[in-house]
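Subject: Structure handover

Hello,

Here is the structure I promised you. Please have it open while you read the notes below.

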Amino acid sequence: MATPFELFLILDLAGTFAFAVNGALVATRVARLDLVGVLTLGMLTALGGGILRDVMLGSLPPATFSDWRYLAVAASGSLVAFLFGRQLDRVPRTILVADALGLSLFAVAGASKALNYADGIGPVQAVILGAVTAVGGGTLRDVMLGRVPVVLRSELYAIPALAGALVVTVADRTGVYGVTAAVVAAGVCFGIRMVGLRFHLDAPFPPGSRHA
């Protein structure tokens with residue numbers, strides 16, 4: 001059975017790869033950037049959330065700068081999207097699926113690290129840090145492109161991340177956290193995000209607003 005550190009590392013690197021693919025595909029399809037731009041946006045999307053998490057936890061230097069595998073995985077995911085973008089275009093909603101995968105994996109990894117690698121972190125703080133990890137990279141991606149971040153738009157984005165991080169926290173507090181619980185938590189986040197996209201569901205708006 002994987003140790004907590006091994007499980008966290010697997011989730012973190014998998015999320016890094018998924019977000020790198022997402023960021024690089026956005027760079028090629030939406031912004032139509034060159035190789036340097038694709039690598040920059042892909043790596044920023046992949047690494048931004050983890051850096052924010054580690055800074056907030058006081059885990060310095062961030063894992064991105066102390067473990068070469070993060071940069072390697074982020075660069076690899078960006079290159080895959082750059083080289084095989086046309087093939088990926090044939091897969092429906094590739095950008096959205098890659099984003100949902102990264103969101104799910106980072107929500108679980110962020111909450112896991114908060115619970116197991118820092119002193120004095122309570123369950124509420126762990127859920128928040130899981131969500132920050134999940135939405136951080138996508139937010140930086142959108143800011144770099146001059147767009148309103150997805151997390152602030154009328155989409156279910158932060159809510160799935162919070163739900164996935166909550167499942168991790170509950171499993172940890174009840175002593176059943178492990179590979180199965182991590183998969184379930186990621187599945188909950190991914191499922192909510194994809195259902196929201198499929199049926200165009202939004203987070204609640206204030207009463208009387210034009211979206212109500």
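This is a predicted model: local features need pLDDT of at least 70, side-chain atom pairs count only at pLDDT 80 or more; totals for chains, interfaces and linings use all residues.

Helix H2

H2 runs over residues 35–57, 23 residues in total. From first C-alpha to last, H2 reaches 33 Å. That is close to the 33 Å expected at 1.5 Å a residue. Even so, H2 has a kink of about 40 degrees, centred on Leu47. At the start of H2, Asp34 places a side-chain oxygen within 3.3 Å of the backbone nitrogen of Val36. After H2 comes Gly58, with a positive phi near 75 degrees.

Aromatic residues

How many aromatic pairs does a search of the whole structure find? The search finds 1. The partners are Phe19 and Phe106, and the pair is tilted. Their centres are 5.5 Å apart, with 55 degrees between the planes. The pair links distant parts of the chain. Phe19 sits in helix H1 (residues 4–29) and Phe106 in helix H6 (residues 94–116). They are 87 residues apart. Are these two residues buried or exposed? Both Phe19 and Phe106 are buried.

A further ring is worth a look. Arg198 lies over the face of Phe199, at 5.1 Å from the ring centre.

Thr45

Thr45 belongs to helix H2. Its relative accessible area is 0%, so Thr45 counts as buried. What does Thr45 contact, leaving aside neighbours within four places in sequence? The list is Phe19, Asn22, Gly23, Gly137, Gly138 and Arg141.

Leu145

Leu145 is in the loop between helix H7 (123–144) and helix H8 (158–173). Leu145 counts as partly exposed because its relative accessible area is 25%, and buried means under 20%. Not counting residues up to four places away in sequence, Leu145 touches Val26, Ala31 and Leu41. Take Leu41 from that list. Leu145 and Leu41 are 104 residues apart in sequence. In space, C-alpha to C-alpha, the two are 9.0 Å apart.

Then follow Phe19 across to Phe106 in H6.

Best wishes

Conventions: Residues are numbered from 1 along each chain as its sequence is written. Side-chain values use heavy atoms; hydrogens and water are left out. Helices (H or I, at least four residues) and strands (E, at least two) are DSSP runs, numbered from the N terminus. The expected span of a helix is 1.5 Å times one less than its number of residues. The bend at a residue is the angle between axes fitted to the seven residues ending there and the seven starting there. A polar contact is a pair of N or O atoms within 3.5 Å; within protein, one must be able to donate a hydrogen and the other to accept it, and residues adjacent in sequence count only if both atoms are side-chain atoms. Rings of Phe, Tyr and Trp (its six-membered ring) pair if their centres lie within 6.5 Å; planes under 30 degrees apart count as stacked, over 60 as edge-to-face and the rest as tilted. Buried means under 20% relative accessible area, exposed over 50%, partly exposed in between (1.4 Å probe, protein chains only). A charge sits over a ring if NZ of Lys or CZ of Arg is within 6 Å of the ring centre and within 35 degrees of the ring normal. Contact means heavy atoms within 4.5 Å.
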